[in-house]
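Hi,

Have a look first, and my notes come after.

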Amino acid sequence: MSKTMFRLGLMVFLLLLNSVPSRSAVSSIDLGSEWIKVAVVNLKPGQAPISIAINEMSKRKSPALVAFHANDRLIGEEAAGIVARYPDKVYSNVRDLIGKPFSHVKKILDSLYLPFNVVEDSRGGAGIKIDDGVTVYSAEELTAMILGYALKLAEFHSKVPVKDAVITVPPYFGQAERKGLLQAAQLAGLNALSLVNEHSGAALQYGIDKDFSNGSRHVIFYDMGSSSTYAALVYFSAYNTKEYGKTVSVNQFQVKDVKWDPELGGQNLELRLVEHFADEFNKQVGNGVDVRKSPKAMAKLKKQVKRTKEILSANSAAPFSVESLLDDRDFRSTITRQKFEEMCEDLWERSIIPVKELLKHSGLKVDEIYAFELIGGGTRVPKLQAKLQEFIGKSDVDRHLDADEATVLGASLHAANISDGIKLNRKLGMVDGSMYGFMMDLEGPQLVKDETTTQLLVPRLKKLPIKMFRSITHNKDFDVSLLYEDEHLLPPGITSRTFAKYSVSGLTDASEKYMSRNLSSPVKASLHFSLSRSGIFSLDRADAVIEISEWVEVPKKNVSAPLNLTVEADSTKETEASDDTSTNSVNATENDQNTLDLGTEKKLKKRTFRIPLKISEKTVGSGVPLSDEALAEGIKRLTALDAKDAERRRTAETKNDLEAYIYATREKLDYLDELQTVSSSEQRQSFIEKLDEVQDWLYMDGEDASATQFEERLDQLKDIGDPIFFRYKELTARPEASKSARQYLTELQEIVSGWESKKPWIPKEKIDQVLREAENLKKWLNDKEAEQKKISASATPAYTSQEVMSKLFDLQDKVASTNRIPKPKPKVEKVSVKNETETPTPTEETKGNDESSSESKKEETETETDGESTTSTHDEL
């Protein structure tokens, strides 16, 4: 019974614990090549637990852009606003620059007609030189700027600080890209709980509200984004587990396989249109003109192409028009959907290859796939949908998920599951694997190459996270290289299988130190590896393991004496069991015998020493992460930019406030006739002159003024204008307040009369006090109104509406407290009951006569007393 009650109490406690709303919030960031989406998990009452954070334009996704123009940094919508005018100053696709060789980055940017000033950095990667011609930002720093912007959106949306987030990555991202993205998060001041593959986010969103206990299913998620395409095969199922003593079913999914094309996306479709219209424009103009040589013209062309592609998704034809495309020449044309589809014929064939490979390697047939879910903006193209329908033999594909938001919403569920501050009641187990297989290769002096020095550590799709260790027999310092398993399956732009190289030192010294001792086995090195939840594989620790066998001297053990003493002690205890003194004496004798110096003897002992070895990273090339010094410098630079941006926004706000005040005030002075009543002509003229002075300063010398200067000018105007507008407001507010006060004074007479008739218990002194305060208010009001009539309306008022209402509220509080005086309870007189057993002392004359009756009364008294006792006991129960 007690065990059952304990379990019941524990369950109630846990339920109450889960119902307590959390004050913290976590976010998920879906960082794409062109767009960024942010979701927030916040269990604040009155809000949806998971929601999309909108930007300053009330849009649910923001451009993943960073711009540097006129000594200012612009991010998101602000950067998008100048992309057509300054295409060389607005940087896009920054996520895809991380960890890539300079040559590959240059090739990508040129193919997309992006005129960035790209320079090769010390790592062999790409950095971008901004418009000042001096400052160079790494891809990690530019990405960090976008992540910092996303973090601000999450905080503004949730109204609480947000530092923890999960960031989505495409499945084909390799080690350099994943490490670089985590460093970008560090630069942005963001605590990246984990990187999560985009397909896992979509699978979480798909399965969170479904029940798989009645049957498992295979689902393919097909995603075409702006720059890449992939297809993921996911297996959904359920398993039973015990929870609070009950058997419950828990849903889960496992990623079975993923196939991708990292160079096929919506941008490729758009580029076909760009090339088509560029050729058409060149043909129209002639004279050897090439619009491709003008970055501004190409930026305008690409912007209009995006709109045209969207129109073609819903219409059979679309107009195409760009004003002043090049040299003030307008360009107009049209295109049909059929023409567009013909231009992209080879791309449609490429688009279904990931699905073909997925089914081929899985051994599944098309009819064994339960659902074929489309996500990503590129999947909205009708021809792509038709091509997929044709391949899978269905009349329609599944579109139950939001193409833009499914990934970020699912990633937010993962963020909640792995965060410390937030837990959701809905559970869905996630089993994702490594997208690449990883091997190790050892090199060093006298190191024999065999299956132990070059071996596969992590097969592809191995469940993550995991830890492992490998042991090798070697006694010299050596190098460890980490490699991708398959040279035909490498991240985009990567040509070398090796992605990390470490130098392990200290093994030679440790071996020499113990070489003179008797080694029981050869010296070994133990290497400890880990594959993190973010899919990053690394060498974490290395130890030298040395086993020696040595003859050591140990004290001899006296074998016979203790046995005799034990017998004696036992016999003593048997014969003199009650004699404690005798027993203690025997124990003391035994201890003395054990501590006798019997000399030493040699014994062979085996000892194992584990000595930590030093690991130094020797990775070279574009995959090298930022050094600690570069990270510190990057954080310093980004912090300075954040402070500058905040000051710029404050300056813009104060400038707008000043400008709005000037225009609003001029309008009031022109159209409000009452202002002439509450101000003199000299006051108005002085005010207008000050407005002119500040307005001239604002549009001439104030163009580059600071926020503080704008605030000072606004305060100068308010010092003159506020008293005038206050008197204007009081012109109507003061009579209204006086009218309310006098009306209440009239009502108070009826209230007091009601007290006298209905609440006679209210003390007279309380009523008199209320009447005195009412009379004081009435007298003060009469005096102030008389004083106000004597002064000009343009002078300082004799009294204000606020003063009237303050005195009125004080009186009303006094009346309310008096009205709440409770009616006193009626006094109840206590009747003293005489104990009938206490009879008066009889006199001598009556003592004899009443003796017999006294006996009978005694019996009655005892009976009545018993009855009272019984009744009293019953009332108490």
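Below is what turned up, starting with how to read the model.

This is a predicted model, in which local features need pLDDT of at least 70, side-chain atom pairs count only at pLDDT 80 or more, and totals for chains, interfaces and linings use all residues. Residues are numbered from 1 along each chain as its sequence is written, and side-chain values use heavy atoms, with hydrogens and water left out.

Strands β5 (residues 66–69) and β6 (residues 72–75) run antiparallel and are joined by 4 bridges. Strands here are DSSP E runs of at least two residues, and helices are H or I runs of at least four, numbered from the N terminus; two strands pair if DSSP finds at least two bridges between them. Phenylalanine 68 faces arginine 73 of β6, while alanine 67 has leucine 74 as its bridge partner. The hairpin has 2 residues between its strands, and alanine 70 takes a positive phi near 55° there.

The open sheet has 3 strands in the order β6-β5-β7, with antiparallel pairing. β6 and β7 (90–91) are at the edges with a single partner strand each, so one side of each has no neighbour in the sheet.

Lysine 605, in strand β27 (residues 600–612), is partly exposed at 45% relative accessibility. Aspartate 722, in helix α20 (residues 707–758), is also partly exposed, at 41%. Partly exposed lies between buried (under 20% relative accessible area) and exposed (over 50%), using a 1.4 Å probe and protein chains only.

Lys557, Lys603, Lys605 and Arg607 form a positive surface patch; Glu712, Asp715, Asp719 and Asp722 form a negative one. Patch residues have over 30% relative accessible area and no salt bridge, with like charges joined within 9 Å and nonpolar side chains (Val, Leu, Ile, Met, Phe, Trp, Tyr) within 5 Å. A salt bridge is a side-chain nitrogen of Lys or Arg within 4 Å of a carboxyl oxygen of Asp or Glu.

Best wishes

Terms used. Accessible areas come from the Shrake-Rupley method with a 1.4 Å probe; for residues, only the protein chains shown count as cover. Lys and Arg count as positive and Asp and Glu as negative; His and the chain ends are not counted. The place of a charge is taken as NZ of Lys, CZ of Arg, CG of Asp or CD of Glu.
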